[in-house]
Amino acid sequence: MSTADTEVRATHPTADAAPAMTHREVLQAMTGLLAGLFTALLSSTIVATALPTIIADLKGTQTQYAWVITVALLANAASTPIWGKLSDLFNKKLLVQLSLVIFVAGSLIAGIAHNVPILLVGRVVQGIGMGGLTALAVAIIGSIVSPRDRGRYSGYMGAVMAVSMSGGPILGGVIVDSPLGWRWCFLVCVPLALIALVLLQKTLHMTTVRKDDASIDWFGALLLTAGVSVLLIWVSFAGKADYYAWFSIQTAMMVGGGIALLVATVIVESRAKSPIIPLKIVTERTTALAILASISVGIGLFGATTFLGQYFQTARGYSPTEAGLLTIPMVVGMFGGSVVSGQLITRFGHWKPFLLGGATVLIAGFALLGTIDHQTSLMLLAVFMLLVGLGTGMLMQNLVLAVQNTVSVQNIGAASANVAFFRTFGGAIGVSVLGSILATRVADLSRDGLAKLGIDAGHSGGGSLDLKALPAPVADVIRGSYGDATATIFVVAAACTVVALIAVALIPNRPLRTTVDIEEVPFAEEAAVEVEAVAAGSARTAGI
């Protein structure tokens, strides 16, 4: 479509186009929304710092450590397209409130867990609630703000993300180190979610959209979740001495079954009346490339940074509070990258340079983190994490912005949710795969280190993370192994981000529209309007 076509369409707004909201009205509408998003993100960052203590207290293993994060991301990813589809059919405000209630229920279950399986159940419920909060926040903003102005509000979302990510690790560390104990890392989110619920009721006012023929493709959602789950379970346990080898009958069955379920998902989605993943939207060039970039970023971001807290506590011996403080450089970078890029995009209308720059900086940050060991200078670590934060801040929200710029307001929920889904899906893959790589590498290094002490380690890679219960020489070997093994996962993360850079480079550099909706008018209608205008002009001329 030519620029001239775009300009003609802009002069003919759709009949049902909503009037533009003022900056103050948008901020009022976002108050409760951002409060809910803050609560959800805070719960994730609190857990990331507290997890080494939680797993040690519940006598968990390295594999279970990864799965506490993976199940939440998987539930988040699986539910995100559903929430996005619902947001295109029903009242978005009610859906956000419902997701907060679900999140509170999950927090309560996780807070009272006395073993890892119950904790995992709580995390699944939390993930479903978080899926709603993240998908609906983006969809609501996309419904009330034009892409050209959306950069500044995406910057506000980035600021909330930065504050929650910086405050979460510190708060989580303080709670774990205090008499309250790690359970309050989950329970503290309950009053915050209730406050967000009240703010949403008072500040967010949206018109209810109801469709009599509304339907949800539950079968497609079930197939998608099952296929992803089978593959993640396979990669989590493959290669472990107590389970099955990478090349085995179990591997063939699980990989074959997972792929078959995903193929069935595509077939069902192509025929569904109201597909959970609209193939027409996700196969559009911009959306498809943004999804590929989001998966790559998710693998690196969630997968690699999940284990930073473990690195500082297990490998370097810092307390949870100190570990939280040490991750602040990454959060500062994310805050700066998100807010500054959002403001500059709104001012100049150019978004692609920030995506390219963000991917490049992120690759550099991960590559540098791939050189660390258990004795790396904290100053160098801070610089490396700052780069990772900067790259992430410039990439995450702006990928969604690029997609929203290409779809109508009626499809913003589905499009935004699917980008978020694939990013979180990539994160679940990253945590599972990189966690497996880390466990295997730690097992090898630990076995070599313990052999030098004359100790037969056997198959200890997935053993207990309660290092306080181990003799000092053995604990030192384990700590050193974790410190040296962590670099491997950052090298893999850097390689994944290269794919994101290639995908971003191929995204069409379309100008940001200045209207909330695409506001397309059929060519025939435009032609009729032009003919009428010419005829009217000729008539006036003849009259003169």
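**Group meeting: a walk through a predicted model**

Hi everyone, let me start with the cysteines: the structure holds zero disulfides, a disulfide being a pair of cysteine sulfur atoms within 2.5 Å. Take Cys185, which is in no disulfide; the nearest cysteine sulfur belongs to Cys189 and is 8.4 Å away. Cys185 is buried, with a relative accessible area of 0%. Here buried means under 20% relative accessible area, exposed means over 50%, and partly exposed is in between (1.4 Å probe, protein chains only). Cys496 also counts as buried, at 18% relative accessibility.

A word on the ground rules. This is a predicted model, so local features need pLDDT of at least 70 and side-chain atom pairs count only at pLDDT 80 or more, while totals for chains, interfaces and linings use all residues. Residues are numbered from 1 along each chain as its sequence is written, and side-chain values use heavy atoms, with hydrogens and water left out.

How confident is the predictor? pLDDT is its confidence in each residue, from 0 to 100. The chain has a mean pLDDT of 76, and 78% of its residues reach 70 or more. Helices, by the way, are DSSP runs (H or I, at least four residues), numbered from the N terminus.

Please be careful with two stretches. Over residues 1-19 pLDDT stays under 50, and the model has 19 contacts beyond four places in sequence for them; contact means heavy atoms within 4.5 Å. Over residues 520-544 pLDDT also stays under 50, with eleven such contacts.

Why is H13 (residues 308-315) largely enclosed by the rest of the structure? Because eight of its eight residues are buried, among them Tyr311 and Phe312. After H13 comes Gly317, with a positive phi near 80°.

Lys59 has a positive phi too, near 60°, and is a residue other than glycine. Most residues other than glycine have a negative phi. Lys59 sits in the loop between helix H2 (23-57) and helix H3 (62-87), and counts as exposed at 59% relative accessibility.

Last stop, the surface: Ile259, Val263 and Ile267 form a nonpolar patch there, with about 250 Å² of accessible area together. Ile267 lies in helix H10 (residues 249-271) and is partly exposed, with a relative accessible area of 40%. In an α-helix there are 3.6 residues a turn, so residues three or four places apart point the same way. Thanks, everyone!

Note on methods
Helix = DSSP H or I, 4+ residues; strand = E, 2+ residues; numbered from the N terminus. Patch = residues over 30% accessible without salt bridge, like charges linked within 9 Å, V, L, I, M, F, W, Y side chains within 5 Å. Areas by Shrake-Rupley, 256 points an atom, 1.4 Å probe, with all protein chains shown as cover. Salt bridge = Lys/Arg side-chain N within 4 Å of Asp/Glu carboxyl O. pLDDT = per-residue confidence, 0-100.
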